Amino acid sequence: METNAPKRRDNKKSLRVKVISLGNAEVGKSCIIKRYCEKRFVPKYLATIGIDYGVTKVQVRDREIKVNIFDMAGHPFFYEVRNTRLLLWCLLLWCLLLWCLLLWCHLSSSVVSQVRNEFYKDSQGVLLVYDVGLRESFDALDSWLGEMKQEMGSQANMDSIVFIVCANKVDLTKRRVVDEGEGRLWAESRGFHYFETSAQSGEGINEMFQAFFSSITDMCENGGKRPATEVSVGFTKEQADTIRRIRNSKDSWDMLGVKPGATREEVNKAYRKLAVLLHPDKCVAPGSEDAFKAVVNARTSLLKNIK
Ligand code: GTP
Ligand code: MG
């Protein structure tokens, strides 16, 4: 079986690991990495083309970690074609048009032209980034994860990776639409770490990377398996996903998961199922109390109008 076990160098105390960044375009992936590695913020948007690659060294306890960072473009264009021959052709065309980008293109294309799973393969850590002011970037985390799962082939490979969710741009408080509870719920229900970050102010960045590298080191020392303690959050993924679905539902029918025009029995049956799942005595997931109340209200209002 293929594992993501890191490559050890001769010195037993040093490790070489690969981390990748995933998330929609413009959520701040490159700025987060730049803020940590170069201690600076770039306000101007410079879209990543294909994949940017960098190396940094960090110290975790008594170990030196050499981190290879693959910062991925989030733009849908690259989502569709980043690992196909078309991208290679695009990059080659680019090389012809812009000679000064020749070296960069050469280095990038050797990475991007590999098949899609080559990019994910052998990763020990994934930074999943969304912008707290853009709901679609949060909703897209599922598809980023889905794509990765598909390419990794088996759940066993996914279990050998440390995931960190970055709720980025928290400095822009007025435009925030995804609150901490919602982000944390999504992350922790999957056994992922959750951090609120701002590449602009630096908030949360060092803490996030320290936790990230420390967890990767723990995982490596645990034989390449994510330690089980990290996933014990006290609630299930089903509960977390249901709370999220309820929060995003358009009306009472949708909230209970029944078709408009459903009978009293159907409404009650759906209600009972949700009540068992979300009752505050049984569910400790953040937001469960509000979700439970919303379900009670939805049922009451629907039953009022059903003969
Ligand atoms: P792609 O490379 O296209 O996938 O985008 P990206 O996710 O790497 O985004 P990038 O880091 O290039 O940042 C996009 C824009 O958001 C830039 O204009 C940044 O200056 C801005 N930005 C990034 N992080 C923050 C942040 O924490 N706060 C604020 N206010 N702006 C940010
Ligand atoms: Mg980028």
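Ligand 1 sits in the largest pocket. A pocket here is an open set of points on a 1 Å grid over the protein atoms alone, where a 1.4 Å probe fits, with protein on both sides within 12 Å along at least five of seven lines. Sitting in it takes more than half of the molecule's atoms within 2 Å of its grid points.

This is a predicted model: local features need pLDDT of at least 70, side-chain atom pairs count only at pLDDT 80 or more, and totals for chains, interfaces and linings use all residues. Residues are numbered from 1 along each chain as its sequence is written, chains are lettered from A and ligands numbered from 1 in the order in which they are written, and side-chain values use heavy atoms, without hydrogens and water.

Around ligand 1 there are 26 residues, each with a heavy atom within 4 Å of it. Lys29, Val42, Tyr45, Gly74 and Ala199 come nearest. Helix α1 (residues 29-38) gives the most to this shell, with 3 residues; helices are DSSP runs of H or I, at least four residues long.

Now the polar contacts, pairs of N or O atoms within 3.5 Å. An oxygen atom of ligand 1 lies 2.6 Å from a backbone N or O atom of glycine 74. For a polar backbone atom of valine 42, the distance to a ligand 1 oxygen is 2.8 Å.

Turn to the rings. Tyrosine 36 and phenylalanine 213 have ring centres 6.0 Å apart and planes at 55°, so the pair is tilted; pairing needs centres within 6.5 Å, with planes under 30 degrees apart stacked, over 60 edge-to-face and the rest tilted. Tyrosine 36 is in helix α1 and phenylalanine 213 in helix α10 (residues 205-221), 177 residues apart.

Note on methods: Polar contact = N/O pair within 3.5 Å; in protein donor to acceptor, adjacent residues only side chain to side chain. 1 Å grid on protein atoms, 1.4 Å probe; cavity = no way out; pocket = protein on both sides within 12 Å on 5 of 7 lines; lining within 4 Å. Helix = DSSP H or I, 4+ residues; strand = E, 2+ residues; numbered from the N terminus.
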